[in-house]
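Thanks, everyone; let me put the model up, and then I will walk through a few of its features.

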Amino acid sequence: MNRLLLARLRKYPNLHFAPLSQNTSGSGGSVNSATSLTSSLRETPASRFDDHCLNKFRRLSAMSQVTPPPILTVAPTRALLDEKLGVQVDNLPPGAPVTLRCLHQSEDKDYWEAYGHYISDATGAVSVADDVSLGGTYRGKEVMGLLWSMRPVPGSRTGLRLRKRNVCTPMLFTISVYDGHVSHDFSSRRPLAEVLTERWYKAPGVRRVEVNDRGIRGTLFIPSGPGPFPGLLDMWGGGGGLLEYRSALLASHGYVSLALEYFAPGELATADLEFKYFETAFDLIKQHPAVIANKVGIFGLSLGAAVAIHMASERPIKPACCICISGSHLFPRDQLVTSIHQPQLGNTRKIRMDGEQNLIWRDMSLPISSDLSRKTDVRRINCPLLLVIGQDDQNTPAVEYADDIEQMMLSVGKEHLLTRLEYPDTGHLIEPPYSPHFRATNFMWDRKKAKVTLLWGGQTKAHSDAQEDSWKKILAFLQRHLYSPQVPTARM
Amino acid sequence: MIGTQVRAAVFRHLIGKQLTPRVGLHRKPCWLHSAVAAMPFRTSSSPAPVLTAAPARGLVDDPISIKAGFMPPHHPVTLCMQMRSEDGDLWEAFGHYNTSADGTVNLARDHSVGGSYLGCEPMGLFWCLRPAPGEREDLRFRKKNVETPFVVDISLLEGHISPREKENAVLAVATTERWYMAPGVQRIDIRQNGVVGTLFLPPGPGRFPAVLDLWGMGGGLVEYRSSLLASRGFASFSVAYMEHKDLTVQLDINAADGYMKKAFNILKDHPQICGDRIGIIGLSYGVYLGLRMATNSDVNPSCLVCINGPAGSNVGLTQTFCKPKTSDSDQRLWPRDEAGYLSFKDMTSPNNYSPGTQVKIENLACPVMYILGEDDQNSPSTENSNLIADVLKRVGKSHLYTCLSYSGAGHLIEPPYTPHSRMSLWRSKPEKMLALWGGHTAPHAAAQEDSWKKTLKFLDQNLRA
């Protein structure tokens, strides 16, 4: 118990465990270890700040002997990443200013936090779902503000992006309530109460299978049960590598999803890829025993979206539907797949910079050519297509490309296949909901072999709303096109 | 609709695919049905039915919503739950349902028409769990390691069948985890001053209200109620007083008083616990120990929860207390009723209290809530509860006493949504002995659910307000 007590003391600095109540009667020496610890603490020369904290603690503790401590309730304590979270505080004094804070330590060991300033009501309660945040990293009535408004704590490295690599473990968030409206130095303060909540990308029973078959590199996620299930080919963008979290989440919603790795980060310029790779990946899913062969869709973001739309339009595979987030249909023919999204050498003069040295790449892909040899012929698409785009996308001129796609499809009477979700003040990285917003992050620009920061765009609140809304609509789109039974019309 | 299905079926046949019995399913003649039960009703081009259980990761005392969809309307299906205990035994339960007009099943809305339970029982699959046929019998469902969840598979099966016929009939599966500890709850082994126990602390700096958690003559260290209480914000201390390898001395009833006081003070002196907000919860013999503490002037619990336990003891019981379970088959120590079950009915009857063992009920100074299973076959709990009520009434302290009396409930009223055992194995050496706990499954489950809610509310009112 002594060791654990020490560990707790370390966790809560300035927390002096002075036994304030009269606990000494007949305790039989059971608290010898604790008493000696506290007496040694008391004897430590205390700075004025320490005294202040000690007195404040004594006041608060004395308060708690008479009035009960505040109760912080967070529900659910274990949830999927796209599920809502309820945060409630009770037993506060009425009209008390408090701060709710959410803290997360990423796999890269950076700390991310969000906080909101609240005032308790006459019953001494604060409910994040019903009350208004008056300040902090988010304002207003924001049920999920403690999650989507997270940003690296002051003093962190710059240009960070929060992405879970290991989807078999949860993200752990510590939610605390503090006395007063606090905006900094949280770690030097004692919270009134604290709760932990786990948020998972993978539901129980979802199987994770590493794929290394026919040259395809990726991870397959299979929902629990005999199936068969609809399938999805899931592709990320120009950052490269293997990101599993969206596929894990999609499998948790009932889709066999293959997170495809198609180049390692930084290899974009040299990856020797042909479309055959993507078609083989698609076939791999289609032929999987747990997959319904004619219910396989493609899902892509950024470069992945450009690949997706090209596959759906011009390749022999027949996806049941196609989702493109922040993509274009740019496709310089007879060049490598990887040339789709690369800043064209001739166009690097079109790269701008914002006031903070973040690179704006969007102009490089403009103007859109009317020459069909430079872009995918989306007139040939035959499956439902969902475009998700942000109007403040500073990396890709997604709106302009969406206009062009729409026009091309209209010209052949296929506009009924197109659904376009366009969001104001939303940037390029439209991710699953309640993820923090990344306006500009570090990026490995392979062509120049340099680490730069790219401006993705978006204003946090609007971007987060777009993430929440688009995810809901993406799931509905997938359910409609991959799950609803379709009775074939008989021709006799 | 049926016409379309017929055309579709013929069409598929024409293009060489296997004919599926869709038509037969909709007309549901029983002879065809039993054949169909063995075949999946969907083709390779239609999606599988979907089964969801939410929350997928919940605490053991959280209700769960089970729904299924994408099935034909008015179609018979079976929902089956299976789980392996830590000892490897397979427990299962099932219910027979008919899909609604929109092809869905919702356990919160629909009625089971057969299987382990009948009627609208959203959590029936949990509390009806029983050892599967062929497994060991007379088992009791208890989690020893509370740091890991139970992983439970819920299957949606074609037709009204038993789990034995599951093969080839599984339409969908939902996997759910049932946890005994919320994230951030700390489990701390306590071996202090001779006291053996496990302390569970909620996350955060505290100070927390606390509960001393006492079980019965089964002995050992039972942690699952404490871990759940800590997950609900109460520091909770499960204490072992017999049958534990770390107990340094065999306690007798007098030594037990001092031992319990030490345990209570471990809570009182803990820097993260409110020393003046400690309650006691006891089951069976734990009630007696709790009442002794509460009527002792040195210990001042803020409240007491008593589940099916006595207010006094007799010589036999006292001796039993300090003998290990397996040492003796003396009728006096491990009494049996006429049917041969272990029963403490005589030993804990108020009529048979040994002189001086009845607690001074009149000295009770804190609210007491007595949870009573009227079908308790192990102890005369009704008489004991009445005794406490009578004494308190006599001294004008009725306002302190609440009795929740549940008809059809047995002795082991535990946290909700866990299976009920009317009897279970008490020990197998030196000879097999069964204990009859009583209670009938459905009312016992209702008692567990209701009493747990009321227990949490009672603790909240007395330890937090």
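The buried residues of helix α7 of chain B are Y285(B), G286(B), V287(B), Y288(B), L289(B), G290(B), L291(B), R292(B), M293(B) and A294(B), where buried means under 20% relative accessible area, exposed over 50% and partly exposed in between, with a 1.4 Å probe and protein chains only. Because 10 of the 10 residues in this helix, 285–294, are buried, it is largely enclosed by the rest of the structure; helices here are DSSP runs of H or I of at least four residues, strands are E runs of at least two, and both are numbered from the N terminus.

This is a predicted model, in which local features need pLDDT of at least 70 and side-chain atom pairs count only at 80 or more, while totals for chains, interfaces and linings use all residues. Residues are numbered from 1 along each chain as its sequence is written, chains are lettered from A and ligands numbered from 1 in the order written, and side-chain values use heavy atoms, leaving out hydrogens and water.

Chain B averages a pLDDT, the predictor's per-residue confidence from 0 to 100, of 87, although over residues 1–41 of chain B it stays under 50. For the complex, the predictor gives an ipTM of 0.83 and a pTM of 0.85.

Returning to M293(B), this residue is among those touched by L212(B), as are F237(B) and F264(B), contact meaning heavy atoms within 4.5 Å.

Finally, on chain A, L134(A) lies in the loop between β6 (126–127) and α4 (145–148), and at 42% relative accessibility it counts as partly exposed.

Key
Lists of a residue's contacts leave out its neighbours within four places in sequence.
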